[in-house]
Amino acid sequence: ILGIIESIGETVRWLGSNPPPDLILMDIQLADGSSFEIFQRTQVSVPVIFTTAFDEYAIKAFKVNSIDYLLKPIDKEELAAALVKFDTLRGMSVPDNLQKLMEQIKAPVRYRDRLMIKTHDGLKSIETKQIAYIKALDKLLYIYTFSGQVHIQDESLEELESSLDPATFFRLNRKYIAHIDALEKILTQSSGKIRVELKHCKDDDIFISQTRAADFKAWLDK
């Protein structure tokens with residue numbers, strides 16, 4: 001075991017500064033968000049076995065480097081079978097011409113330009129560039145626009161996060177995703193945390209954790 005890492009940011013830094021491991025066992029929910037963000041921010045060239053308590057991410061997992069998807073609580077026999085599968089696949093080689101073809105047809109990542117919103121009298125579509133921030137509360141998402149409108153969405157914050165352009169949106173913490181233009185004030189704290197004030201938002205306790213702060217600063221500096 002080369003390392004045990006708790007956050008997206010730490011994982012991205014580790015992969016960028018160390019030789020690739022043989023295998024990664026990856027929990028989908030990390031300390032600072034969904035582990036699928038790792039694949040958007042850095043090259044992951046090794047097989048991954050995902051572990052999670054939820055089954056709704058299985059299709060998304062197999063679109064990246066997943067060779068297996070284990071539900072918690074982990075069954076020892078299923079884990080053993082996954083490791084045998086990894087060992088079998090490791091002994092197989094992909095012909096060079098097939099590998100090149102796979103690279104050519106691999107579709108680029110596409111992020112959503114619009115969201116479909118349910119209203120009291122039907123449906124409407126809003127452009128993602130109109131979204132100032134998104135707040136998770138009581139299993140619902142509240143989408144606040146720059147014009148001051150509020151819409152309710154029943155997606156999970158993780159699902160929506162993975163579909164938004166990470167160059168424009170940042171997961172501040174477990175409750176908030178914010179558009180870069182919605183950041184009104186950024187205040188550093190003596191604890192290493194960062195406090196954020198958002199446009200059209202009355203909440204004054206929006207904090208970015210110390211472990212997430214370095215990623216936030218790097219995102220601001222892109």
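Is Asp 138 buried or exposed, and what is its relative accessible area? In this predicted model, where local features need pLDDT of at least 70 and side-chain atom pairs count only at pLDDT 80 or more, totals for chains, interfaces and linings use all residues. Residues are numbered from 1 along each chain as its sequence is written, and side-chain values use heavy atoms, with hydrogens and water left out.

Asp 138 is exposed, with a relative accessible area of 65%, where exposed means over 50%, buried under 20% and partly exposed in between, computed with a 1.4 Å probe on protein chains only. Asp 138 sits in the loop between strand E8 (131–137) and strand E9 (140–145), strands (E, at least two residues) and helices (H or I, at least four) being DSSP runs numbered from the N terminus. Although Asp 138 is not a glycine, its phi is positive, at about 55°. Lys 139 belongs to the loop between E8 and E9 as well, and Lys 139 also has a positive phi, near 65°, while being a residue other than glycine. The relative accessible area of Lys 139 is 82%, so this residue counts as exposed.

Ala 58 lies in helix H3, which spans residues 58–62, and Ala 58 is partly exposed, with a relative accessible area of 24%. Between the C-alpha atoms of Ala 58 and Tyr 69 the separation is 6.7 Å, although these residues are 11 residues apart along the chain.
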